[in-house]
Amino acid sequence: MRNIKIDMYYVYILFCQKDGKLYIRFTSDLKKRVLKHKSGFVLATKHRGPVRLIYYEAYLNEDDARQREKYLKGGKGHSELKIQLVHILGKLGYKYVNPRY
């Protein structure tokens, strides 16, 4: 039996506890990337930790993952994300969540 490797790309969202903000990126190795964030090896989150993975999506195509990352970082995508994750964001104390949802 042959092993077939399928490349996956992940858009992920971290909650940074120190500043109470979200960090959105994509990667091809989610476990490794989150571990780097938690270990302080990623400059963008090094001083914002501890961080917590609160959401991710998987894609077969890298361009699709890049496009989704860009969308979620933008106004409409970011707003929709806050509605979708309202309960976990409220529980974590995210300051930009609308409690009416």
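## Aromatic pairs

The count of aromatic pairs comes to three. Rings of Phe, Tyr and Trp (its six-membered ring) pair if their centres lie within 6.5 Å; planes under 30 degrees apart are stacked, over 60 edge-to-face, and the rest tilted. This is a predicted model, where local features need pLDDT of at least 70, side-chain atom pairs count only at pLDDT 80 or more, and totals for chains, interfaces and linings use all residues. Residues are numbered from 1 along each chain as its sequence is written, and side-chain values use heavy atoms, with hydrogens and water left out.

## Tyr12 and Tyr23

One of the pairs is Tyr12 with Tyr23, which is tilted: 6.4 Å centre to centre, with 50 degrees between the planes. Tyr12 sits in strand 1 (residues 9–16) and Tyr23 in strand 2 (residues 21–27), so the pair ties together parts 11 residues apart in sequence. Helices (H or I, at least four residues) and strands (E, at least two) are DSSP runs, numbered from the N terminus.

Tyr12 is buried, at 0% relative accessible area. Tyr23 is buried too, at 10%. Buried means under 20%, exposed over 50%, and partly exposed in between (1.4 Å probe, protein chains only).

## Phe15 and Tyr94

The ring centres of Phe15 and Tyr94 are 6.5 Å apart and their planes stand at 75 degrees, so this pair is edge-to-face. It links distant parts of the chain: Phe15 is in strand 1, Tyr94 in the segment after helix 5 (86–92), 79 residues apart. Both Phe15 and Tyr94 are buried.

## The hairpin

Strand 1 and strand 2 run antiparallel, joined by seven bridges. Strands pair if DSSP finds at least two bridges between them. Val11 has Phe26 of strand 2 as its bridge partner.

Four residues separate the two strands of this hairpin, and Gly20 in the turn has a positive phi of about 70 degrees. Strand 2 is mostly covered, with five of its seven residues buried.
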